Amino acid sequence: MPQGQPSVVPQDGLTTRQRRNRPLLMVHTGEMKGKSTAAFGMALRGWNQGWNIGVFQFVKSAKWKVGEESAFKALGQLHEATGEGGPVEWHKMGEGWSWSRKAGSEEDHAADALEGWREIQRRIAAETHDLYVLDEFTYPMKWGWVDVDEVVETLTSRPGHQYVVITGRNADQRLLDAADLVTEMTKLKHPMDTGQKGQKGIEW
C-alpha cells in the first residue's frame, strides 16, 4: 500500500468515493500495549470530523481512571458548549451502565457484559453513533459471556454508516475473518521486562 494507494481495486461496482466512505469493522489485538490507545486515536479523529462517538469499556474497573476518559468527556462538553467536534458518550462496567437503573448493583461481570452488549445492539439498530469503541471487548467473547457468532452477525449487518473498533487480546478468528481492518500489536521490547512499572502519561 505505497503512498496510501490500494494494492488492488476490486470489481465491486462501487465508485472510488463510495468505497472510500464505506464504514469499517476494525479489530486491534495482540499482546502488546497500544490497542486501546490506537482506537482512541481513531475516536479523536472522528470527533474532529463531527462524528458521534460512543465508547464502551468492558473490563477496566470503574476505579481505573484513564486519561482518555477525562479528555473525551471534556471534548463532549466542548461540543455541547460550542458545537465544535461531535458528541461523546463514555460507559464502562464496574460502576453500572449509565442507561441502567441498577447503577452500583452487584450483578456479576458476565451479566453486566451481556447487558452492555445488548445496549450496543440497540444503539446499532437505532444508528445512534458514528463510531463505536468497544474497548477490551474480546475478553467477554473469549470467556463465553457474549456469543461470538451473534456479535459477528450484528456487526456485519449493521445499518447505515457506523464504524466499529474492537480492542483486546486473543480476538476470536471469526471476528478477525469478519473485520475489514485487523492490527496485531506485537511486543519487541517493553520496560516491564526490566522491572519498570507503568507511568503517568504513558499507561494512564
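Two residues are said to be in contact when heavy atoms of each lie within 4.5 Å. The structure described here is a predicted model, in which local features need pLDDT of at least 70 and side-chain atom pairs count only at pLDDT 80 or more, while totals for chains, interfaces and linings use all residues. Residues are numbered from 1 along each chain as its sequence is written, and side-chain values use heavy atoms, with hydrogens and water left out.

Helices (H or I, at least four residues) and strands (E, at least two) are DSSP runs numbered from the N terminus. Strands of a sheet pair through backbone hydrogen bonds, either parallel or antiparallel. Here, 6 strands form an open sheet in the order 3-2-4-5-1-6, with parallel pairing; two strands count as paired if DSSP finds at least two bridges between them. Strand 3 and strand 6 (181-184) each have a single partner strand and stand at the edges, so one side of each is left without a neighbour in the sheet. From one strand to the next, the twist averages 10°, where axes are lines fitted to C-alpha atoms, for helices over the stretch in contact, and angles between N-to-C directions run from 0 to 180 degrees. Strand 4 and strand 5 are joined in the parallel sense over 4 bridges, and valine 133 stands opposite valine 165 in strand 5.

Helix 2 lies across strand 1, strand 2, strand 3, strand 4 and strand 5, and runs at about 165° to strand 4. In this helix, Lys35, Ser36, Ala39, Phe40, Met42, Ala43, Gly46 and Trp47 are buried (under 20% relative accessible area, with exposed meaning over 50% and partly exposed in between; 1.4 Å probe, protein chains only). They cover an arc of only 150° around the axis, which puts them on the same side of helix 2; the arc is that of the directions from the helix axis to the C-beta atoms. The face turned away from the buried side of helix 2 carries the exposed residues Arg45 and Asn48. Helix 2 is followed by glycine 50, whose phi is positive, near 85°.

A nonpolar core is a set of buried Ala, Val, Leu, Ile, Met, Phe, Trp, Tyr and Cys residues joined through side-chain atoms within 4.5 Å. The largest such core has 23 residues, and those with the most contacts inside it are Ile120, Leu134, Phe137, Met141, Leu155 and Ile166. Apart from this core lies another, of 17 residues, among them Trp47, Val55, Val133 and Tyr163. Leaving aside neighbours within four places in sequence, leucine 134 is in contact with Phe56, Ile120, Val164, Val165, Ile166 and Thr167.
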